Amino acid sequence: MLPVYLSLNEYLTQRFGEKLYKLSLDTGFTCPNRDGTAGTGGCIFCSEGGSGEFAEKTPDINESIEKAKNQVNGKFRGSRYIAYFQSYSATYAPLEKLEEMFFTAAARDDIAAVSIATRPDCLGDEVLGLLNRLNSVKPVFVELGLQTVHEETAKLINRCYPLSDYDRAVKKLKEIGINTVVHIILGLPGESREMMLDTVRYVVRSGADGIKLHLMYVLKNTVLEKMYLAGEFSTLTLEEYADILCECIKIIPNNTVIHRLTGDPPKKLLVAPEWSADKKKVLNYINRRISEI
């Protein structure tokens, strides 16, 4: 019997009355663990594209949205979208720049909601105030790159912020009614299955509205690639990943939206695991395993 969990498509259809498609947009910003504010080099798994290899980047946000729409026209026939500011830390910029980008997107009739990917340490009071105002124009989702609750792993991956920053960010976002989505990576170097499940449990207790579960994959030209090629860790097999994923689903409440069941690595940059490149095969296998729980 298929376990009860709320997928993103189900949630969006319930809330907006139709399926929506995310348009990935590149702000052209950076991150505090890249520019020296908190650290340098970025997270060890992050490519030069700031985890936004599929995102459209132009100086004009309206032009970026139109280009992104053209990219998905072949597979999406709906009329409304989510403007997804994906790359790097999308609140790490001067307030006037953030306001210009976010409100320009939100003002469009074809944009039903705005989703903003960022770090918990990039949500100061002024930014939270802006998000609060934006949320009165169009629904706002803020996606926080937590990845793990274990400080030793956070140090290894060069996350460069403490867990207390995450706790504060979720609390503040919930206070102003912002839908909060948390990214978790399964298979980080050195983490056991129980450590991964501890991260999921913590995120659930924190009150997150949604969770994105990502596979730890290795991309070219990253610190993680050097570690992998040096034999410092192994990536998960498809079977191992599905096993852990099923355990995660068991402990995620059915009112918490599961936005993703795996990652979507750019094939031209993928080093390992090779099986993750076949998205259709991976999702079919995962769904079959979930149905057997």
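A crossing of two helices is left-handed if the near helix is turned anticlockwise from the far one by less than a right angle, and right-handed if it is turned clockwise. The model treated here is predicted, so that local features need pLDDT of at least 70 and side-chain atom pairs count only at pLDDT 80 or more, while totals for chains, interfaces and linings use all residues. Residues are numbered from 1 along each chain as its sequence is written, and side-chain values use heavy atoms, with hydrogens and water left out. Helices (H or I, at least four residues) and strands (E, at least two) are DSSP runs, numbered from the N terminus.

**Exercise 1. Describe how helix α9 packs against helix α10.**

Solution. Begin with the axes, which are lines fitted to C-alpha atoms, for helices over the stretch in contact, with angles that run from 0 to 180 degrees between N-to-C directions. The axes of α9 (residues 238–251) and α10 (residues 279–291) come within 10 Å and cross at roughly 50°. Angles under 35 degrees count as roughly parallel, over 145 as roughly antiparallel, 65 to 115 as roughly perpendicular and the rest as oblique, and α9 and α10 are therefore oblique to each other. As for handedness, α9 passes α10 in a right-handed crossing. The contact (heavy atoms within 4.5 Å) involves Leu238, Glu239, Tyr241, Ala242, Asp243, Leu245, Cys246 and Ile249 on the α9 side, and Val282, Tyr285, Ile286, Arg289 and Ile290 on the α10 side. Sorted by class, these are ten nonpolar, no polar and three charged residues, where Ala, Val, Leu, Ile, Met, Phe, Trp, Tyr, Cys and Pro count as nonpolar, Asp, Glu, Lys and Arg as charged, and the others, Gly among them, as polar.

**Exercise 2. Carry out the analysis for α7 and α9.**

Solution. The axes of α7 (residues 193–206) and α9 come within 10 Å and cross at roughly 30°, which makes α7 roughly parallel to α9. This crossing of α7 and α9 is right-handed. From α7, the residues Arg193, Met196, Leu197, Val200, Arg201 and Val204 meet Asp243, Ile244, Glu247, Cys248 and Ile251 of α9. By class, the contact of α7 with α9 has seven nonpolar, no polar and four charged residues.

**Exercise 3. Is Ala112 buried or exposed, and which residues does Ala112 touch?**

Solution. Ala112 is found in strand β4 and, at 3% relative accessibility, counts as buried. Not counting residues up to four places away in sequence, Ala112 touches Phe16, Leu20, Arg80, Tyr81, Lys138 and Pro139.

Key:
Buried means under 20% relative accessible area, exposed over 50%, partly exposed in between (1.4 Å probe, protein chains only).
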